[in-house]
Amino acid sequence: MRFEVSTTGAPVANRRPFSYEQSPWYTVLRRMRCWVLVALLLFLGPGADSFAVEGGYFPLTIVRAETKTRDRVVYWVVNTPTYHEDPYFEVAVRTAGTVVVGEREPRSAHEKLPEGWKPGAIVQGRVDKHHLFLWRPNGTEVRFIITGRAKASSE
């Protein structure tokens with residue numbers, strides 16, 4: 001350790017000059033607190049809506065409920081496609097001034113929509129971000145994938 005003489009004549013320890021690479025401990029902790037806060041906001045902020053209370057079931061009015069088919073290519077024979085018709089269910093319900101349209105593929109060829117789901121019928125259900133859940137008369141729930149939303153007419 002080298003000593004220098006100050007202007008008063010007393011020896012002074014030679015100190016290294018301050019640099020940002022060796023900052024005092026209290027500034028390091030302040031920066032660390034800042035990074036922890038940023039990390040909490042980034043990782044917990046988007047997940048905060050998952051802690052919200054889930055909306056319950058409410059009455060929805062059925063606009064239409066029908067079974068439709070779409071064609072699917074099964075195989076090709078001499079550059080000619082052979083198609084197969086795949087059935088699916090399409091349901092449109094009115095909720096809070098919006099008509100929500102959902103699709104669902106049946107689990108088996110014998111599955112059908114409930115008889116009570118006619119236009120104007122009221123069923124219990126809920127609307128999620130991408131799914132529409134409706135209660136069947138037997139107490140089970142059916143999940144539809146939402147394919148469209150539109151403003152409902154004032155009727």
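**Close-up views of a predicted chain**

**View 1. Strands β3 and β6 pair in the antiparallel sense over four bridges.** Strands count as paired if DSSP finds at least two bridges between them. Helices (H or I, at least four residues) and strands (E, at least two) are DSSP runs numbered from the N terminus. In this pairing, P59 stands opposite Q124 of β6. The model is predicted: local features need pLDDT of at least 70, side-chain atom pairs count only at pLDDT 80 or more, and totals for chains, interfaces and linings use all residues. Residues are numbered from 1 along each chain as its sequence is written, and side-chain values use heavy atoms, with hydrogens and water left out.

**View 2. The chain has one helix and eight strands.** From the N terminus on, the order of elements is β-β-α-β-β-β-β-β-β. The chain holds 155 residues, and 19% of them are buried; buried means under 20% relative accessible area, exposed over 50%, and partly exposed in between (1.4 Å probe, protein chains only). Among the contacts (heavy atoms within 4.5 Å) with a separation of 6 or more, 47% are between residues 24 or more positions apart.

**View 3. The hairpin of β3 and β4 has two residues between the strands.** The two strands run antiparallel and are joined by 15 bridges. W76 has P81 of β4 as its bridge partner. V78, in this hairpin, takes a positive phi near 50°.

**View 4. V63 lies in strand β3.** Is V63 buried or partly exposed? V63 has a relative accessible area of 29%, so it is partly exposed. Not counting residues up to four places away in sequence, V63 touches A92, V93, R94, V99 and P119. One of these contacts, R94, is 31 residues from V63 in sequence, with the two C-alpha atoms 6.5 Å apart.

**View 5. The largest nonpolar core has 14 residues.** Such a core is a set of buried Ala, Val, Leu, Ile, Met, Phe, Trp, Tyr and Cys residues joined through side-chain atoms within 4.5 Å. The members that touch the most others are V91, V93, L113, W117, L132, L134 and F144. Two or more residues of this core come from each of β3 (58-77), β4 (80-95), β7 (131-135) and β8 (141-151). Leaving aside neighbours within four places in sequence, L113 is in contact with A65, E66, T67, F89, V91 and F144. In soluble globular proteins, nonpolar side chains tend to be buried together.

**View 6. The chain has two aromatic pairs.** Rings of Phe, Tyr and Trp (its six-membered ring) pair if their centres lie within 6.5 Å; planes under 30 degrees apart count as stacked, over 60 as edge-to-face and the rest as tilted. The rings of W117 and F144 are tilted, because their planes stand at 45°, with centres 6.3 Å apart. W117 lies in the loop between β5 (98-104) and β6 (122-127) and F144 in strand β8, so the pair ties together parts 27 residues apart in sequence. W117 is buried at a relative accessible area of 5%, and F144 is buried at 0%.

**View 7. R70 lies over the face of Y88.** A charge sits over a ring if NZ of Lys or CZ of Arg is within 6 Å of the ring centre and within 35 degrees of the ring normal. R70 is 3.9 Å from the ring centre of Y88. R126 lies over the face of F133, at 4.1 Å from the ring centre.
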